[in-house]
Amino acid sequence: MKHTRMERHEEKIRATIKRNKKIITFTTLVGLICPATLGTIQALADETAPPVEQTTEQTTEPVTEPVTPEQPINETPSQEPVTPEPEQTAPIEQVTEVPTDSTPVQAPVTAETPVNTLEQTQAITPLSNPTVVAEYRAKLANYQAQANQLVADGATPAQMATINALLSAFESNINNYENDIGDVPTIWLADIDSGIIPTLETEIQTVSDQLSQPDLSALHAKWQEYMTAIQALLDELESKVTGTSYQTRYTALWNRWDTASITGNMFPENVRDQAFYDIWLPELASILEDLQQLKADISSEPTVSVTGVTLAPIPEMGEGGTYQLTATVMPENATNKDVTFTSSNPSVATVDANGIVTAISEGTFTITVTTVDGGFTASTNGVVKADDGKPMKDFDYTAVLAAIARYDAMVKDEYTPESWKAMEAEMINNDEKLHLIDYLRKLPNAEGTVPPGYENQFQTDLNAYAAKAQSIMDMAIKKDVTPPKDVDKSGLEEAIKKGDQAIKDGNLKDDSKLVTAIEDGKKILNDDKATQAQVNEAVKNITEAINALEKADNGGNGNGGNNGNDNNQNGNNNGSNSNNGTGNNNQNTNTNQNKANNSNNQSNKNNTNNKDNLPLTGDTTTNGLLAGLSMVGLSAIALLKRKRKA
């Protein structure tokens, strides 16, 4: 912001200088071209001017020659006169004006004595207000006093950098206003009011708030003091409480200290405040006090001296192998159970303070343990053999076997085809194009050994291959097995029952479509993933198959059980054993019965919604049968009448 204001300020100054150049150039040209006019102006001024000596002194002040773009500009009010170059200035003849009663005689004006009309004009008509200048300088002094107080309170140069820059801009703007810089000098005051002062007050308040923060260095030093003392006591008491009744107290205190330590790491010194130390310093003091009491309690116990020590045997070791020694100090409640270990042949095997033996090279060695209390010792011998490598069968294949088992349990049809294909492609994404699972299957029973020094790397590689296989299997995406919600299958169950009953009733021309529809419906019924749309479609197919059923023809007369034989019998019962005309009667009867059957089929279609297949009043099948019998009777009567006439 500072730089932007200063740039605007410099730009305004350059514009003012450019304007002044034009005025000076214009004035000089007027002085050169029209000396008579200047003489008149001077004569008018002499009427009210002081004595001749003073006037002459004022009019002989040099005027700055017009400045070309190549000439540097001095921005200070007192600018040295610029002497015109000889080739640019020519001698001007003096012109004497005839004196009149109202015009006094004026001395000739030459180019060497121009009048500084710009300075005279600014002096006569200033735009700035001295009272306003004094007011703003008083404001500036107030802010400077506040800045000085911040420095006295301990503000650093970095904290004061922005404030100092704003104070400098403040003073620069006042000077610009006071010197009438620019067409509208009040612009400098507006910049002070709207930009500099609000920002300056904000910065002063910010630094003041920073300085008012309490000094937490002493609290941090106390924190460090507590942490160091607690850590030292924990280390000192660790071996003394192991296996004793004090172990529980020690563990609880260690956990409290660990919580405080973790919290301290989460909140570094530069972000802690007073509240942080108010909470945690008392806690650390309490932990330290409890540890000191624990130490006192342990020290008050009667001392139990060590009576001996034993050392367990060391198994045969291979080069590079390690083994943890087991030393037992007696008695079990001995006060000081500390021991030291030494190796008789460090070039073959070494041992550290914790009793860990490391095999270096082929050979034999002896490890000796010595108690700190009493100096009791025990020894055990060890052998290091040359290591030809670790058999591959002896490595840990837990992760490998888990990956193989997961792959074997995967069912291809349970996954989307695209994801399964992508998984299998990734399984063989290697130079040998060998399926990763097939490669892993060979490892647990592979023959051979891993060279010494590479055992850890080989185990790491095994686990990495198993992890890669698991990651690849994650690419397979299972199909949606979530059962659809709110699927109503009651209508499908009812439709299947109706279809089964229709087939059970039998005497149908063709029930294959119904059988297929029922089978498909049962699949949908037993499918937990079936949707409501699939259920509705199955119900529709079964219903349409039931409606399309037709009764079978017994004897070709189109009316099962009600064919023309019964009609013929009825005709015979009328007293005639002859079959003459029976065929006609049968034909007529069959025709009538076929019509009845058609009507009956239509009736069956209209009554498929009868849930329990109960007989309905006015059943069209019964009506058709009665109509057929009536037609047969009428035909028989007509036949008898013809015979009598004959």
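This is a predicted model: local features need pLDDT of at least 70, side-chain atom pairs count only at pLDDT 80 or more; totals for chains, interfaces and linings use all residues.

Q: Are Lys 385 and Glu 316 buried or exposed?

A: Lys 385 counts as partly exposed, at 42% relative accessibility. Glu 316 counts as exposed, because its relative accessibility is 54% and the cut-off for exposed is over 50%.

Q: What does Arg 256 pair with?

A: Arg 256 makes a salt bridge with Glu 283, at 3.1 Å from N to O. This one also links distant parts of the chain: Arg 256 sits in helix α9 and Glu 283 in helix α10, 27 residues apart. Arg 256 is partly exposed at 26% relative accessible area, and Glu 283 is partly exposed at 23%.

Q: And where do Lys 222 and Glu 225 lie?

A: Both are in helix α8 (residues 217–241), 3 residues apart, which is about one turn of the helix. Lys 222 is partly exposed at 31%, and Glu 225 is partly exposed at 46%.

Q: How many salt bridges does the count come to?

A: The count is 15. There's also a network of salt bridges linking Glu 236, Lys 240 and Lys 295.

Q: Which residues of α17 are buried?

A: Val 535, Ala 538, Ile 542, Ala 545 and Ile 546. Looking down the axis of α17, the buried residues fall within an arc of 105 degrees, so they line one face of the helix.

Q: What do they pack against?

A: The buried residues of α17 pack against α15 (490–505) and α16 (512–526).

Q: Now the backbone. Where's the cis peptide bond?

A: It joins Met 330 and Pro 331, with omega at about 0 degrees. Pro 331 is in the loop between β4 (327–330) and β5 (339–343).

Q: What's the phi of Asp 180?

A: Positive, about 55 degrees, although Asp 180 is not a glycine. Most residues other than glycine have a negative phi. Asp 180 is in the loop between α6 (157–178) and α7 (186–212), and it is buried, with a relative accessible area of 14%.

Q: Which residues form the nonpolar patch on the surface?

A: Ile 262, Met 266, Phe 267 and Val 271, with about 390 Å² of accessible area together. Phe 267 lies in the loop between α9 (247–266) and α10 (274–300) and is partly exposed at 38%.

Q: Last one, the whole chain: how many helices and strands?

A: There are 20 helices and 11 strands. Of the chain's 646 residues, 30% count as buried. The accessible surface comes to about 40200 Å², and 52% of that belongs to carbon and sulfur atoms. Among contacts between residues at least 6 apart in sequence, 71% join residues at least 24 apart.

Technical notes
Residues are numbered from 1 along each chain as its sequence is written. Side-chain values use heavy atoms; hydrogens and water are left out. Helices (H or I, at least four residues) and strands (E, at least two) are DSSP runs, numbered from the N terminus. Buried means under 20% relative accessible area, exposed over 50%, partly exposed in between (1.4 Å probe, protein chains only). The arc is that of the directions from the helix axis to the C-beta atoms. Contact means heavy atoms within 4.5 Å. Patches are made of residues with over 30% relative accessible area and no salt bridge: like charges are joined within 9 Å, nonpolar side chains (Val, Leu, Ile, Met, Phe, Trp, Tyr) within 5 Å. Accessible areas come from the Shrake-Rupley method with a 1.4 Å probe; for residues, only the protein chains shown count as cover. A salt bridge is a side-chain nitrogen of Lys or Arg within 4 Å of a carboxyl oxygen of Asp or Glu.
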